[in-house]
Amino acid sequence: MTTAIMGIGSPFGEDQAGWDAVDALAQQAWVQAAIEHGTLVLHKLDRPGMGLLEHLQGYAHVILVDAVIAPHYAPGMIIPLQREELALWEAPASSHGFGVAEALAMGDALGMLPERLEIWGVVVAE
């Protein structure tokens, strides 16, 4: 089973946090070993909108990493997010347009989500 870790972001400011997380993971020896063995892939997605659903296909386990504004947490913290609560968290910029929460809701309705889905937020300043 191949796991995909997908950093979601854009080239603008703190919205790069998901990409930065993927870049940091790519430097880890255990991640490189998993990639070489074909059990892990890393992707950096630029504001995928509904296209996110296409990127999820073919993986039984997907970990999404995106920047979030979470006033009760310190910037830089990485927090687990529940899909059902995702719409309550703010993205740092509205540049995503049709956001992760909406895409996942549509994917759920269409039966297009992977068997196992984790969502992690990288807390950024407002």
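This is a predicted model: local features need pLDDT of at least 70, side-chain atom pairs count only at pLDDT 80 or more; totals for chains, interfaces and linings use all residues.
Residues are numbered from 1 along each chain as its sequence is written, and side-chain values use heavy atoms, with hydrogens and water left out.

Let me start with the whole chain. The protein has four helices and five strands, where helices (H or I, at least four residues) and strands (E, at least two) are DSSP runs, numbered from the N terminus. Read from the N terminus on, the elements follow the order β-α-α-β-α-β-β-α-β. The radius of gyration, which is taken over C-alpha atoms, is 14 Å, close to the 14 Å that the globule rule gives for 126 residues, so the protein is as compact as a globular protein of that length; the rule itself is 2.2 Å times the number of residues to the power 0.38. Taken along the principal axes, the C-alpha atoms fill a box of roughly 40 × 35 × 25 Å.

Of the 126 residues, 40% count as buried, and here buried means under 20% relative accessible area, exposed means over 50%, and partly exposed is in between, with a 1.4 Å probe and protein chains only. As for contacts, meaning heavy atoms within 4.5 Å, residues 24 or more positions apart account for 74% of those with a separation of 6 or more.

Now to the sheet. Five strands form an open sheet with mixed pairing, in the order β2-β1-β3-β5-β4, and two strands are said to pair if DSSP finds at least two bridges between them. At the edges are β2 and β4 (78–81), each of which pairs on one side only. From one strand to the next, the twist averages 25°; axes are lines fitted to C-alpha atoms, for helices over the stretch in contact, and angles run from 0 to 180 degrees between N-to-C directions. In general, strands of a sheet pair through backbone hydrogen bonds, either parallel or antiparallel. In this model, β1 and β2 run parallel and are joined by seven bridges.

Is T3 buried or exposed? T3 counts as buried, because its relative accessibility is 13%. Leaving aside neighbours within four places in sequence, T3 is in contact with T39, L40, V41, H61 and I63. The side chain of T3 also makes a polar contact with the side chain of H61, at 3.1 Å; a polar contact is a pair of N or O atoms within 3.5 Å, where within protein one must be able to donate a hydrogen and the other to accept it, and residues adjacent in sequence count only if both atoms are side-chain atoms. Further along β1 is I8, which is buried with a relative accessible area of 0%. I8 and V65 are 57 residues apart along the chain, yet their C-alpha atoms are separated by 6.0 Å.

Next, helix α1. This helix lies across β1, β2, β3 and β5, running at about 140° to β1. Within α1 (residues 17–26), the residues A17, G18, W19 and V22 are buried, and what covers the buried residues includes β1 (3–9), β2 (40–46), β3 (61–69) and β5 (116–124).

Finally, the charged pairs. Side chains of opposite charge can pair when their charged atoms come close. The structure holds four salt bridges, a salt bridge being a side-chain nitrogen of Lys or Arg within 4 Å of a carboxyl oxygen of Asp or Glu. One of them joins the side chains of K44 and D23, at 3.0 Å from N to O. K44 lies in strand β2 and D23 in helix α1, so this pair ties together parts that are 21 residues apart in sequence. K44 is partly exposed at 42%, and D23 is partly exposed at 34%.

Another salt bridge brings together the side chains of R47 and D46, at 2.6 Å from N to O; R47 is partly exposed at 28% relative accessibility, and D46 is partly exposed at 39%. The side chains of E118 and R116 also meet in a salt bridge, at 3.3 Å from N to O, with E118 partly exposed at 22% and R116 partly exposed at 44%.
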